Amino acid sequence: MRIVRTVASLREALGTDPKAAGTDPEAVGTDPTGTRGLVPTMGAFHAGHLALFEAARAENDLVVASLFVNPAQFGAHDDLSRYPRDEDRDAAIAEQAGVDVVFVPTADEMYPPGFQTWVDVEELSRVLEGAARPGHFRGVATVCLKLFSIVRPHRAYFGQKDAQQVAVVRRLVRDLELGIEIRAVATVRDPDGLALSSRNEYLSPDERERALALPQALATRDPERARELLAGLDVDYVELADFDPPVLAAAVRVGSTRLIDNVPLEGDDQ
Ligand code: AMP
């Protein structure tokens, strides 16, 4: 597995540099018939990330994972500075999962001085998570487009856990004719039902116990009943969302930790 930190070295490794395509004998992605799968992440890997790596590994010749805590998708009051980071651990997990190339850029590498081009998926970015976190999806869409442009993947993998993110990225790909297949991978949960999330690390044992109301409420697949079951928590929203598939989605705060989750209302995806 290769770890690369700059856009230039990633392009070189993949053979996606338009100026130098195919000229680097060390490049791992220069097979013109080979397919590339991209898994964008912020690190702190858990079994949810592993499910994405596994899906990408099964369908592509080359798997690229990005590990980048994207400042542009965090608001002023979000948890950017305390977001868990452990590159060595993540690299070992990615290698074990069969990832071929890990891209670990700095914020300056992705947003160099003078950076001023942003992608805004307008309506989809204003509701639910977007209403609670203004600018979040602008950051997500921009970093995804930039990663797509650098990696030129055939397929990109996202978790159904972040259903609105999947909807925003699919809209981006459609609207800008990017020609990338977006795969949504079913939410991976702990045995007690809590969706795996890097943010679960912030929960105290008591908070974790209280957080179980979130998957329990969503499992009713009924917004009214879900709201009742969440009455003891600080609820941001509980809403039906007309994504593909439609979902019942919710966001709650447990202590200082904000958790989101959803259940698809069609198909057998959990
Ligand atoms: P993150 O590192 O939190 O940005 O997540 C990277 C990708 O993993 C995103 O596409 C998430 O939707 C996905 N993901 C996070 N948690 C889970 C989970 N519990 N099950 C499946 N996918 C997940």
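Which residue in E8 does Val-235 stand opposite? In this predicted model, the residue facing Val-235 is Val-252 of E8. The two strands concerned, E7 and E8 (residues 247–254), run antiparallel and are joined by 7 bridges. They belong to an open sheet of 3 strands, arranged in the order E7-E8-E9 with antiparallel pairing. Because strand E7 (234–241) and strand E9 (257–264) stand at the edges and each has a single partner strand, one side of each is left without a neighbour in the sheet. Averaged over this sheet and with direction ignored, neighbouring strands are turned by 10 degrees against each other.

The largest cavity holds about 50 Å³, and E9 gives the most to its lining, with 3 residues. Leu-259, Ile-260 and Asp-261 are among the residues that line this cavity, as are Lys-161, Leu-194 and Asn-200; by class, the lining comprises 5 nonpolar, 2 polar and 2 charged residues.

The second largest cavity, with about 40 Å³ of space, draws the largest share of its lining, 3 residues, from helix H7 (residues 163–175). Its lining divides into 6 nonpolar, 1 polar and 1 charged residue, and includes Ala-167, Phe-243 and Asp-244.

Terms used. Residues numbered from 1 in each chain as written. Predicted model: local features only at pLDDT ≥ 70, side-chain atom pairs only at ≥ 80, totals over all residues. Heavy atoms only, no water. Pairing = 2+ DSSP bridges. Helix = DSSP H or I, 4+ residues; strand = E, 2+ residues; numbered from the N terminus. Axes fitted to C-alpha atoms, helices over the stretch in contact; angles between N-to-C directions. 1 Å grid on protein atoms, 1.4 Å probe; cavity = no way out; pocket = protein on both sides within 12 Å on 5 of 7 lines; lining within 4 Å. Points joined across faces, edges and corners; volume = space filled by probe spheres on them. Nonpolar A, V, L, I, M, F, W, Y, C, P; charged D, E, K, R; others polar.
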